[in-house]
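Visitor: I would like to learn how to read a structure like this one. Where do we begin?

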Amino acid sequence: MKRIILIALLLLSISLQAQDTRAKLTKLINDFKAKYPSNGLSIGVIRDDSIYYFSVGNTGNIPITEHTVFEIGSLTKSFTGLLLGLEIEKKHIDKNSFIDSYLPQGVHLRPGIRRKIKMTDLGSHQSGLPNFNDDQYIMALFKKDPEQPFRSASKAYLFQVLEKTDTLVNHGTYAYNNYAVALLGQLLAIRSHQTYAALLKHAVLEPMHLKNTTLNDPAQGASVAGRFDDKGDVKPAMIINAMTPAGGLHSNAIDMINFLRKQLSPSNDQMGKAIKMSQQTFYRDKELSVGLGWEMQNGMIEKTGDTWGNSSMLSFDPEKHVGVVVLSDHRDAQLVQDITVAIWKEIK
């Protein structure tokens with residue numbers, strides 16, 4: 001009888017704590033809604049075994065919910081990093097292998113960069129390759145197509161850039177690199193004799209039951225978030241061609257929370273081991289540690305994502321078993337980060 005009473009009291013305590021957490025988060029989200037009335041948000045929170053969803057705004061005349069699909073941009077890099085972790089766990093790729101072994105036939109590296117770039121360097125932003133962020137290549141792409149600069153970034157173009165590269169800039173130090181992660185995804189796809197989309201679907205999305213996460217346009221009838229810049233101007237959907245491994249996914253809060261749950265409690269199978277590998281430190285300096293598609297700081301593991309009209313952030317603490325995902329229908333990385341930080345203050 002005493003045991004039954006103790007269990008009942010424990011369950012009551014957990015229930016009251018969950019209600020208190022929801023009340024605090026509801027107030028917090030309402031405060032942001034009042035401050036940013038035109039922004040649409042879909043938010044998911046994990047705390048221990050409890051999951052909370054909050055939504056703000058509309059898409060057209062339909063309220064945004066946890067089912068609403070957003071462009072998640074560079075959160076895609078965490079999926080590409082996981083793909084590499086899986087290939088390493090399967091012994092298809094050695095942890096210390098160079099990209100030279102996985103290049104398609106006919107693609108040749110210049111002497112200055114041969115046997116220098118590891119596959120894990122691509123996933124941890126320390127390859128020293130052109131970055132498509134602030135270099136000559138992104139400027140040329142914008143000049144060619146200001147609205148959709150990545151439209152012409154085909155696989156052939158990615159390998160042309162690689163073949164032109166004769167030196168590496170600060171190889172072995174962190175420099176955020178869209179190009180390198182896109183190249184990694186394409187190399188993994190070529191090794192598996194599939195497209196990147198097919199590889200990701202079969203290796204990650206289907207095993208994790210992420211039915212609403214796709215590189216394609218959302219399914220017909222799905223609720224899709226609008227796309228606006230930080231000033232509220234309507235923006236187009238991103239067309240990024242072979243750059244998809246660096247930023248092409250669409251998803252919703254439900255799938256992102258399910259993805260988070262896998263990160264917080266990796267299983268003991270091959271997928272779980274690959275998740276743990278992706279969270280390992282492959283680069284560290286005084287400010288930051290970097291995994292395969294993840295950035296780690298002060299016990300937190302995080303990834304952000306921006307497209308022309310959406311922003312997102314996924315953040316979790318494995319030790320405390322808490323996590324947050326914030327999806328925004330405006331490109332406003334600072335707002336998304338502010339919301340995430342405010343939620344953390346309530347749940348940690």
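**Reading strands, burial and charge pairs**

Guide: Strands β1 (residues 41-47) and β12 (residues 322-328) pair in the antiparallel sense, over seven bridges. Keep in mind that this is a predicted model.

Visitor: What holds paired strands together in general?

Guide: Strands of a sheet pair through backbone hydrogen bonds, either parallel or antiparallel. Now take the case here. Arg-47 has Val-322 as its bridge partner in β12. Gly-44 has Val-325 as its partner in β12.

Visitor: In which sense do β11 and β12 pair, parallel or antiparallel?

Guide: Antiparallel, over seven bridges. Met-313 stands opposite Val-326 in β12. The two strands β11 and β12 form a hairpin with four residues between them. In that turn, His-321 has a positive phi of about 55°.

Visitor: What is the strand order in the open sheet?

Guide: The order is β2-β1-β12-β11-β10-β9-β8-β7, eight strands with antiparallel pairing. At the edges stand β2 (50-56) and β7 (283-284). Each has a single partner strand, so one side of each is left without a neighbour in the sheet.

Visitor: How many residues of β12 are buried?

Guide: Buried means under 20% relative accessible area. Seven of the seven residues of β12 are buried, so this strand is largely enclosed by the rest of the structure. Check both faces. Val-322, Val-324, Val-326 and Ser-328 are buried on one side. Gly-323, Val-325 and Leu-327 are buried on the other.

Visitor: Which helix lies across β12?

Guide: Helix α11 (residues 333-347) does, running at about 150° to β12. This helix also lies across β1, β10 (300-306) and β11 (311-317).

Visitor: Now single residues. Is Thr-213 buried or exposed?

Guide: Buried, with a relative accessible area of 3%. Thr-213 sits in the loop between α7 (196-205) and α8 (244-247). Its side chain makes a polar contact with the side chain of Asp-255, at 2.8 Å. Leaving aside neighbours within four places in sequence, Thr-213 is in contact with residues including Phe-79, Leu-249 and Met-256.

Visitor: Which backbone oxygen does the side chain of Thr-59 reach?

Guide: That of Val-224, at 2.4 Å. Thr-59 is in strand β3 (residues 58-59). At 14% relative accessibility, Thr-59 counts as buried. Not counting residues up to four places away in sequence, Thr-59 touches Ile-64, Ser-223, Val-224, Ala-225 and Gly-226.

Visitor: Let us turn to charge. How many salt bridges does a search of the whole structure find?

Guide: Side chains of opposite charge can pair when their charged atoms come close. Here the search finds four salt bridges. One of them joins Arg-191 and Glu-87, with the closest N and O atoms 2.9 Å apart. This pair links distant parts of the chain: Arg-191 is in helix α6 (residues 178-192) and Glu-87 in helix α2 (residues 76-89), 104 residues apart. Arg-191 is partly exposed at 27% relative accessible area, whereas Glu-87 is buried at 6%.

Visitor: Which residue meets Asp-166 in a salt bridge?

Guide: Arg-110, at 3.9 Å from N to O. Asp-166 is partly exposed at 40%. Arg-110 is partly exposed at 38%.

Visitor: What does Asp-145 form with Arg-151?

Guide: A salt bridge, with the closest N and O atoms 2.7 Å apart. Asp-145 counts as buried at 16% relative accessibility, while Arg-151 counts as partly exposed at 39%.

Notes:
Residues numbered from 1 in each chain as written. Predicted model: local features only at pLDDT ≥ 70, side-chain atom pairs only at ≥ 80, totals over all residues. Heavy atoms only, no water. Buried < 20%, exposed > 50% of the residue type's maximum accessible area, 1.4 Å probe, protein only. Polar contact = N/O pair within 3.5 Å; in protein donor to acceptor, adjacent residues only side chain to side chain. Contact = heavy atoms within 4.5 Å. Pairing = 2+ DSSP bridges. Axes fitted to C-alpha atoms, helices over the stretch in contact; angles between N-to-C directions. Salt bridge = Lys/Arg side-chain N within 4 Å of Asp/Glu carboxyl O.
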